[in-house]
Amino acid sequence: MGRIKNLFEITSKFRCHVDVSTLKPYGSGHINDTYRLKNLAGTEYDYLLQKINNDIFTDVPRLTENMCRVIAHLKGKMDASGEGDPQKEVMTLIATKTGPYFYEDSNGHYWRMCLFLKDTRSYDVVETEKQAYEGGKAFGKFQAMLSDLPADIMHEVIPDFHNIKKRLGQLNQAVKENPKGRAGLVFQELEAIKKRSEVMSFFQEAAQQLTLPRRVIHNDTKFNNVLLDLKGNAQCVIDLDTVMAGYVAYDFGDAIRTIANTAAEDEIELSRIQLNLDLFNAYTKGYMESAASFLKEWELRSLIKGVLLMPYMQAVRFLTDYLNGDKYYKIRSVEHNLERTRAQLQLLKLLEAQATAMEKTILAEAKKYRKHFVKL
Ligand SMILES: Nc1ncnc2c1ncn2[C@@H]1O[C@H](COP(=O)(O)OP(=O)(O)O)[C@@H](O)[C@H]1O
Ligand SMILES: [Mg+2]
């Protein structure tokens, strides 16, 4: 990421006036390349220019359609209710002069522009309970506001993104083909995965698929995808590339996976991986403030299964990539994907040991808002 040779070609296609000399890389996202640009007119808003990662997102027009649908729904709700400021609390995409909300440049790269939300910050690591609570509030409200948007109109821009049966199938395939001769080195990890495969396939069972509503979910609920204002309150959920149909438990589980782990996702020293249950409790409290009102009883009970599933799924994906020769995730060393696998399996063990306690918290927080539904 750095200089963009055809910057003027790109920026001139959008309906805004930017000062190209002010271009600066911005943020610490791992997927897209993000740059900040000053507004030439010097009026209120600056802009963010993003180069969309076309390796991961192969169908940018459909991805953009998903984003636009979600944005329009959220802004429409705020306009109608008069609650909240749609300019500050929902991201705003800038159209190109020909209409679409993205531009494909002469090198085949895809770009989009959005308003830069000033006086906001995202954090890679949750530092306080207040932050965890704000994160929960942001994603709970996000799901609640989208709970009446039909999920089946969304495009599946990454097919089977959270389908664990498919992911396990890919792992089995990698073991069978064993292209790097590494399968013999991961016996323990494979055993740990195998013995849980049935329990973890909960969301793919036919009965569940009939009872659990598919909803529009975020699919990348890392804490750095929430912008906090200067007071540390949640202001806006960002990074809408992966908004698709799914189960609410996926978003809840992935947030907990990243927030409640005291160590990094790829921690080598397994004893450093601990659960911070205070952060879990705080996230859940914030989440339920908005989510308790729309969640169905069975969905509520599925949340804990999402908490266990997400680190498991991540372990399966890391191990598959290790066996296939590290084609998907960027690695720092030959064993990086194996280390990541082990760290996620360790986290999973800790979560399993606390699952009953965590479920109690989930139900108790929900009960505050819906006394008649939840049997503790
Ligand atoms: N509208 C915005 N206003 C201010 N900062 C933003 C905005 N959108 C994104 N950012 C910042 O840029 C970073 C990367 O953007 P993001 O869309 O999350 O990309 P990635 O998919 O690479 O994670 C975010 O973590 C956040 O700090
Ligand atoms: Mg991001």
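Author: The protein chain has 13 helices and eleven strands; helices (H or I, at least four residues) and strands (E, at least two) are DSSP runs, numbered from the N terminus. Keep in mind that this is a predicted model, where local features need pLDDT of at least 70, side-chain atom pairs count only at pLDDT 80 or more, and totals for chains, interfaces and linings use all residues. Residues are numbered from 1 along each chain as its sequence is written, while chains are lettered from A and ligands numbered from 1 in the order in which they are written.

The C-alpha atoms of the protein chain fill a box of roughly 60 × 55 × 35 Å along the principal axes. A compact globule of 376 residues would have a radius of gyration near 21 Å, and the protein chain agrees, with 21 Å; that radius is taken over C-alpha atoms, and the globule rule is 2.2 Å times the number of residues to the power 0.38. Of the 376 residues, 40% count as buried, meaning 20 or more other C-beta atoms lie within 10 Å of the residue's own, with C-beta atoms placed from the backbone (12 or fewer is exposed, in between is partly exposed).

Now the helix pair. Two packed helices are described by the angle between their axes and the distance between the axes. Here, the axes of α11 (residues 297–324) and α13 (residues 355–367) come within 10 Å and cross at roughly 140 degrees. Axes are lines fitted to C-alpha atoms, for helices over the stretch in contact, and angles run from 0 to 180 degrees between N-to-C directions. The crossing of α11 past α13 is right-handed, that is, the near helix is turned clockwise from the far one by less than a right angle.

Who meets whom? From α11 come Leu300, Leu303, Ile304, Val307 and Leu308, and from α13 Ala355, Met358, Glu359, Ile362 and Ala366. Contact means C-beta atoms, placed from the backbone, within 7 Å. By class, that is nine nonpolar, no polar and one charged residues; Ala, Val, Leu, Ile, Met, Phe, Trp, Tyr, Cys and Pro count as nonpolar, Asp, Glu, Lys and Arg as charged, and the others, Gly among them, as polar.

One more residue to check is Arg340, found in helix α12 (residues 336–353). Arg340 is buried because 24 other C-beta atoms lie within 10 Å. Its C-alpha is separated by 7.1 Å from that of Ala315, 25 residues apart along the chain. Not counting residues up to four places away in sequence, Arg340 touches Glu265, Asp266 and Phe318.

Note on methods
Contact = placed C-beta atoms within 7 Å.
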